Amino acid sequence: MAEPQPQLDYAANVEKYASTVDHSAVNGIVKYLGIALQNRDSSLVAASDPQELTRVRDGFMKKKLGLTQTDAELDAALKDVITTMSAERNKSRVTVYYLLAEKFGKLGLFA
């Protein structure tokens with residue numbers, strides 16, 4: 001059985017990249033991700049794995065955020081977020097999702 005992921009201060013991680021942080025949106029994303037945050041592997045985005053990035057695009061950006069841009073446009077936005085977080089080896093899924101939702105004006109879905 002996988003080791004449970006210790007409770008992280010997700011808002012503090014988001015604050016590294018966002019000028020203002022909507023704490024209710026952070027909490028909403030944490031709630032949305034639920035059990036995925038219990039496992040270290042699923043709590044992080046593997047930025048070098050093309051299949052992982054496709055899952056983020058299709059599962060989160062298209063389905064949850066309801067984005068209708070082309071795959072190329074969504075991939076470019078995801079790449080921008082990953083580049084923004086390039087200083088971090090382990091990219092928190094909560095932070096990646098927050099920055100994507102913020103980029104597309106969709107934080108209200110989680111607040």
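Predicted model: local features only at pLDDT ≥ 70, side-chain atom pairs only at ≥ 80, totals over all residues.
1. Setting aside residues up to four places away in sequence, valine 96 touches Val45, Leu78, Val81, Ile82, Met85 and Lys91.

2. How far can you trust the model? The mean pLDDT of the protein chain is 92, and 93% of the residues reach 70 or more. Residues 1–7 are another matter: pLDDT stays under 50 there, and the model has 10 contacts for them beyond four places in sequence. I'd read that stretch with care.

3. Next, asparagine 13, which sits in helix α1 (residues 10–15). With a relative accessible area of 12%, asparagine 13 is buried, because the cut-off is under 20%. Its side chain makes a polar contact of 2.4 Å with the side chain of threonine 95. Apart from neighbours within four places in sequence, asparagine 13 is in contact with Met85, Glu88, Ser92 and Thr95.

4. Now the charges. Side chains of opposite charge can pair when their charged atoms come close. The structure holds nine salt bridges. One of them joins the side chains of lysine 16 and glutamate 88, at 3.6 Å from N to O. Lysine 16 is in the loop between α1 and α2, while glutamate 88 is in the loop between α5 and β2 (91–92), so this pair ties together parts 72 residues apart in sequence. Lysine 16 is exposed at 56% relative accessible area, whereas glutamate 88 is buried at 14%.

5. Which residue does glutamate 52 form a salt bridge with? The partner is arginine 55, and the closest N and O atoms are 3.0 Å apart. Both belong to helix α4, three residues apart, so about one helical turn separates them. Glutamate 52 is buried, with a relative accessible area of 7%, but arginine 55 counts as partly exposed at 49%.

6. Aspartate 80 and lysine 103 form another salt bridge, with 3.8 Å between the closest N and O atoms. This pair links distant parts of the chain, 23 residues apart: aspartate 80 is in helix α5 and lysine 103 in helix α6. Aspartate 80 is partly exposed at 42% relative accessible area, and lysine 103 is partly exposed at 43%.

Terms used
Residues numbered from 1 in each chain as written. Heavy atoms only, no water. Helix = DSSP H or I, 4+ residues; strand = E, 2+ residues; numbered from the N terminus. Buried < 20%, exposed > 50% of the residue type's maximum accessible area, 1.4 Å probe, protein only. Polar contact = N/O pair within 3.5 Å; in protein donor to acceptor, adjacent residues only side chain to side chain. Contact = heavy atoms within 4.5 Å. pLDDT = per-residue confidence, 0-100. Salt bridge = Lys/Arg side-chain N within 4 Å of Asp/Glu carboxyl O.
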